[in-house]
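Me: Please take a close look at one part of this model. Then place that part in its chain and go on to the contact between chains.

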Amino acid sequence: MKILTLLSLLATHLSASSVNIEENAGQFFSSGHTNNWAVLVCTSRFWFNYRHVANTLSVYRSVKRLGIPDSHIVLMLADDMACNHRNPKPATVFSHKNMELNVYGDDVEVDYRGYEVTVENFLRVLTGRLPPSTPRSKRLLSDDRSNILIYLTGHGGNGFLKFQDSEEISNVELADAFEQMWQKRRYNELLFIIDTCQGASMYERFYSPNLMALASSQVGEDSLSHQPDLAIGVHLMDRYTFYLLEFLEDIHPSSKANMNDLFKVCPKSQCVSTPGHRTDLFLRDPGSALITDFFGSVRKVEITMETINLTEPIQQVEQNFVNEERQKETYSYVDQLPVSEIIHQKPKQKDWHPPDGFILGLWTLILLVFFKTYGMKHLKHIF
Amino acid sequence: MAAPLTLLLLVAVTVRAALYRSSLADLISERVEVVSPLTAWKRVVEGLALLDLGVSPYSGDVFHETPLIIYLFHFLVDYAEITFMLADVITAVALYLSVKDYNKQVFRKQKYALEADRYPLDCLELIRSPKEMQYIPLKVAMFYLLNPFTILSCVAKSTCGLNNAVIALFVLSTIKGNVLLSAIFLSLATYQSIYPLTLCAAALLYLLQRQYIPVNLRRFSFWWFVAQYAFMYLGSLFVIVGLSFFLLGSWDFLPSVYGFILSVPDLTPNIGLFWYFFAEMFEHFRLFFLCVFQINVFFYTVPLSIKLKEHPVFLIFMQLAVISIFKSYPTVGDIAASFIKHHKASSASSLNIFLVSCVLLACSALFPVLWHLWIYAGSANSNFYYAITLLFNVAQILLVSDYFYAFLRREHHLSHGLYLKRKDGSEATLVLK
């Protein structure tokens, strides 16, 4: 009896989970994208902007952890904090005070570094209009089935973002860049996150479809930094990204958390500024968009109900073998290169020999001259 | 005479063998002063290797020697050192024999002149006696064999040694009076490098005089002899070129050998005058200056042969010197060939032999120094090296003109007496205009 109840429980559980599987499978195909890209940009230099680098690196870390490979991440860091000589712990960038979490790690791949992080390079990366000599790691090779995550952090203002202390990108430029990307079919859906002061101004001008934007603060508000570390001496993270990182740490590749959860990250009580978001250009319902649609990398799995009998073909051959009773030579792999010939035999060198006619002619002439010079009387000594 | 010659040959062969065994052989065979793109041994080996791989040795700008050299070294490549030593030995023996023969003729002519009372009385001391000329052939052979330039050229296995051997054999056969052999050796020499063509006139003059055919443009016998010689020369040249064609089955040795010599495409620095000029010449003028430079070599034939028609052997040596200065890729081997004229015992009348020899020595020493400074240290440039090249060639030209002057002065003294007087009786000196 007990066994029966156990079995029935197991059966119902299985059926329930199988139904879940169907649902999950169904959900896999609702987003319409086949690959994921991430463009993570830190636009500030100098040691006191440590937190911007830490912001970008923490998003990088999450995105990598959730499955996007380095080949699909364009990481742009305007300054090197890990190897800055003011860093008391070199080769580390911490996001939590007391050095709890090193977001630098040992497999960071920075694609644009230092002075390469410029407005022009950023826009060229987005639109794909790079010189032919640009290596693949510096290119955003997305297609119309790509979901792209774009994360910007730095110092901003109403309608602009400061790059490298010397230039700015405006929200109009950014919107036009996204429109170019849409027209060139360079994205399926794009998630734009910006953590700067007055960040919401940057997504005000977007007009291309399938864009979702989040910002850390509204127009007129400043995004604040989270906490300083007294040993390092600077603020380690910005508030919004700090709580974003906390949120993302709970996400795993098969998580079902959706965008609505993302909008709830860092409420005013924690962030002091009011995070904003924009979903009017997004064609799907944000509730149906998973976090992993943008922060992770999807693997296409095709579920099939067919079963393939693997043993049959071999049997077929054996039957033929038995039936025909012919002596077949054993099959073996053919060498791609005639290795044995190369190793064991030296190529036979064809020696050049002067043609016989030449030798004959030459020596006849020499003999003729000899006899002409010294007279024919010598001939009798030879013949 | 055979014993000292044999001793000399042994010494020379020993010196060369010793240098072959030492580590200097590799060093010397790479010096640009000793080997040129025409004569380098490295290129011969390269050409033979290409042939073994089934490719024409003249493809690519590697090999610029004649097909007969290919034939020769196809069998002798393992004995290359012995071949080159043998070539030097042949050159020395040929020179020895030719000078001996020539001395005999000089004495004969002198005897006739003395009997005919053609010499003024006060220049009897200028007349050569057999006693003082006894060691001249040996000295000539010694000069050639123990000349550092020759030794360097032999140790570097430069095919210039073979060229010198053929020229020496040509000189020997000319002086012996053998028309056919002279024509054949001259055509061989011309076949290898075009410039011995200028020796044609000298050989013709000598052979004409030997056969007592007067050198008179209006006489039929003169032209008949010239036609005979030209026929033999050109015929053997064509035969040799045809044989070369049959050796490799193609004509591409013609642009590689003769085109290379005449059009000077390779501007590696050497001790000649061509490379610097053509390195900085505009393409527009290149053909013009090429013609000028090449004509310069052949140009001195006519005036020299007119002036020296009584002394064709001296003419031969003058021509050799001119060739070695003005040819497109000279090496020290050619210089060695041109120093053969040192045996003339007229150094008493020459003006500044000492100065010129010092300049030559200094330049020879400075060549490797400035090369190192230019190429390796980077503190000099091509102008330094070219300056030394220029100086070397100027010294050579001065040497040639010195000897010319000495020779002419001696002849003048022999005909007009040792103490020259102007028309009014005061003392006069000879000046070479």
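Reply:

I150(A) stands opposite F192(A), a residue of strand β8(A). The model is predicted: local features need pLDDT of at least 70, side-chain atom pairs count only at pLDDT 80 or more, and totals for chains, interfaces and linings use all residues. Residues are numbered from 1 along each chain as its sequence is written, chains are lettered from A and ligands numbered from 1 in the order written, and side-chain values use heavy atoms, without hydrogens or water.

Strand β8(A) covers residues 189–195. Helices (H or I, at least four residues) and strands (E, at least two) are DSSP runs, numbered from the N terminus. Two strands pair if DSSP finds at least two bridges between them. Strand β4(A), residues 146–153, pairs with β8(A) in the parallel sense over 7 bridges. Strand β9(A), residues 211–215, also pairs with β8(A) in the parallel sense, over 5 bridges. There, I194(A) stands opposite A215(A).

How many residues of β8(A) are buried? The count is 7 of 7. Buried means under 20% relative accessible area, exposed over 50%, and partly exposed in between (1.4 Å probe, protein chains only). Both faces are covered. One side carries E189(A), L191(A), I193(A) and D195(A), all buried. The other carries L190(A), F192(A) and I194(A), likewise buried.

Now the whole chain. Chain A has 12 helices and 10 strands. Of its 383 residues, 44% are buried. Contact means heavy atoms within 4.5 Å. Among contacts in chain A between residues at least 6 apart in sequence, 73% join residues at least 24 apart.

Next, the interface. Chain B gives 18 residues to the contact and chain A gives 16. Together they bury about 1,400 Å², with 75% of it on carbon and sulfur atoms. Buried area is the accessible area (1.4 Å probe) that two parts lose on being put together, summed over both. D52(B), Y71(B) and L243(B) supply 37% of the area that chain B buries against chain A, more than any other three residues.

On the chain B side, the elements giving two or more residues are α3 (41–52), α4 (67–76), α9 (179–192) and α11 (220–248). The largest share, 6 residues, comes from α11(B).
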